[in-house]
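I opened the notebook to follow a few contacts through this structure, beginning with the rings and ending with the helices.

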Amino acid sequence: MALRTLNVAPGFMRFMPKEYQDLVEKGPFGRQIKVTDLGTFKEVLEEHPMCEGCAMAFFIRLSLAALPNPEHTVMVGTAGCGRLAISQAAIPFVYGNYCDTNGVATGLKRGLQIRFPDQHKDVVVMAGDGGLSDIGFSQVMHSWFRKEKFTTIMLDNEVYGNTGGQESGMTRKGEVVKMAPLGKQFEKIDMLGLAQTSGVAYIARLTPTNPSRVFSTIRKAVLIAREVGPTYVQAYTSCNIEYSIAPEKVLDDARQVEKERYGFVEIMSDEAKAYLERIDAESKA
Amino acid sequence: MINSKPYRVVPGPEGLLPPAAATCGVVLPEKGEGLVLGSLQSEQDTLLVMARELLTRKNPTIFPGPLVLWAWKEGVAEKAASVLELADEIPGVRIIPMPDYRPIYPKIDPEAVINPCHPNLTIWHNKIEVCVFVGVHCHFANITLKMIRAGTNCYTITLCHEAGHEDSMASLPFCGSDQVRALTEAIRQLKREGLRPRYADTPGIQLTPTQQTVLSGLAWQHGDGALAE
């Protein structure tokens with residue numbers, strides 16, 4: 001996508017659905033959005049088929065609004081709850097087969113770099129814990145080893161929510177879920193540690209309790225991935241169905257989990273820090 | 001026993017899973033040809049068939065796809081203009097866009113949009129019995145056409161920029177603005193020859209109720225809303 005693709009052909013605007021008219025006239029494209037702007041512009045994702053109270057849908061909404069250049073972004077996802085919303089957003093979406101999101105993103109990013117050498121094209125993988133830490137694990141790791149310049153965002157609901165509640169690698173030890181009645185026998189995978197070992201340039205762990213933090217984290221991750229190297233964001237996005245959390249209690253749960261075991265973590269390489277300082281100085285100049 | 005009768009691509013409903021016409025022996029037309037009900041015809045004959053169907057069937061509708069709806073490159077505005085000229089010649093026609101291919105859940109508004117994931121909803125709701133696809137990427141057009149043939153009685157016409165579509169009832173390949181204008185001219189010719197359009201008393205393009213609602217919201221009245229690059 002590019003800004004010029006957002007011009008409606010002459011004479012056709014009056015036939016366009018209201019949503020598209022609003023995207024053209026009041027969308028986030030071609031301008032910098034702040035978290036305080038939420039509610040004042042047409043977001044790339046509004047309607048979606050996710051469950052009532054879904055923390056993942058909320059996090060996805062915030063993340064998509066936080067993208068520094070949505071008109072130059074391609075999302076990559078795979079099977080799971082998240083893609084139901086991501087694929088419906090007004091941002092190009094590539095559906096990777098289960099296991100190959102980071103392989104697809106690699107080819108996509110490299111191809112876009114060749115095709116558009118003068119324009120940053122951001123590639124963002126956004127998939128669940130099953131897609132990234134289990135079935136897509138190998139490709140995630142290898143994309144990090146190769147220092148591929150794109151962002152990987154894990155929507156960590158700590159279960160296979162889309163298929164009825166099987167344990168995933170990110171489910172906590174001892175947790176009993178619907179299709180794992182004996183409780184999980186192994187520890188939650190330490191993806192943050194693996195990312196550090198792999199030399200990922202920017203690593204963050206967070207919950208959706210603080211929209212400003214989600215904004216700044218996603219923005220940093222995408223910007224650093226442009227020039228420095230791979231970035232990884234791991235977000236706690238509870239499955240209120242599989243973990244039986246009432247819709248109105250979802251954010252309370254997130255706050256509690258954040259306090260107990262999922263506090264904000266940010267790990268940045270020196271190169272990434274220097275890069276952010278440089279672009280910050282440039283934007284103020 | 002082998003069925004030697006040529007396969008005819010006729011309006012449905014043909015059933016849940018109609019065969020791809022290509023697997024039944026229907027071949028794509030060359031430049032200067034067209035496809036009508038699965039048979040190769042000359043371009044001019046194809047245009048006349050399309051014109052007749054558009055003027056005589058119920059609720060003619062044009063479904064412009066992203067390749068003509070978005071001015072994404074030079075030449076699109078010209079083709080878009082030719083599509084609007086075509087619409088102007090079909091009394092009572094509606095224009096319902098397919099602006100992109102993303103899934104729309106939990107519910108689409110069939111008076112506002114046609115979606116390749118469930119095009120039958122728009123056809124059924126608006127009781128469309130003849131439609132034109134123009135500017136839809138071929139791989140999405142193919143699945144859309146099969147779904148329409150499977151579940152509706154709509155006569156499908158494709159004005160394809162590439163090689164044409166076996167699964168539409170009438171298809172013209174390599175179709176630029178000149179070919180769209182040739183179809184417009186074929187419609188004028190039929191009218192001159194005395195064909196009275198089904199909606200002869202309904203002048204111009206008709207907006208759907210949803211489009212009228214949006215129009216009254218004044219969202220677009222101050223121009224085409226173009227963004228600068």
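Predicted model: local features only at pLDDT ≥ 70, side-chain atom pairs only at ≥ 80, totals over all residues.

Residues are numbered from 1 along each chain as its sequence is written, chains are lettered from A and ligands numbered from 1 in the order in which they are written, and side-chain values use heavy atoms, with hydrogens and water left out.

**Tyr pair, chain A.** I looked up A:Tyr236 and A:Tyr262, which form a tilted pair, 5.3 Å centre to centre with 50 degrees between the planes. A:Tyr236 lies in strand β6 (residues 231–236) of chain A and A:Tyr262 in the loop between α9 (250–260) and β7 of chain A, so the pair ties together parts that are 26 residues apart in sequence; helices (H or I, at least four residues) and strands (E, at least two) are DSSP runs, numbered from the N terminus. A:Tyr236 is buried, at a relative accessible area of 5%, and A:Tyr262 is buried at 1% (buried means under 20% relative accessible area, exposed over 50%, partly exposed in between, with a 1.4 Å probe and protein chains only).

**Phe pair, chain B.** I then checked B:Phe63 and B:Phe133, a tilted pair at 5.1 Å centre to centre and 40 degrees between the planes. B:Phe63 lies in strand β3 of chain B and B:Phe133 in strand β5 of chain B, so the pair ties together parts that are 70 residues apart in sequence. In β5(B), B:Phe133 is also the bridge partner of B:Phe63, and β3(B) runs parallel to β5 (residues 130–134), joined to it by five bridges; two strands pair if DSSP finds at least two bridges between them.

**Cover of β3(B).** Which residues of β3(B) are buried on each face? I found B:Pro60, B:Ile62 and B:Pro64 on one side and B:Thr61 and B:Phe63 on the other.

**Helices, chain A.** Lastly, I recorded that the axes of α8 (residues 211–227) and α10 (residues 270–284) of chain A come within 10 Å and cross at roughly 105 degrees. Axes are lines fitted to C-alpha atoms, for helices over the stretch in contact, with angles from 0 to 180 degrees between N-to-C directions. The contact (heavy atoms within 4.5 Å) includes A:Leu223 of α8(A) and A:Tyr275 of α10(A).

Technical notes
Phe/Tyr/Trp six-rings, centres within 6.5 Å; stacked < 30°, edge-to-face > 60°.
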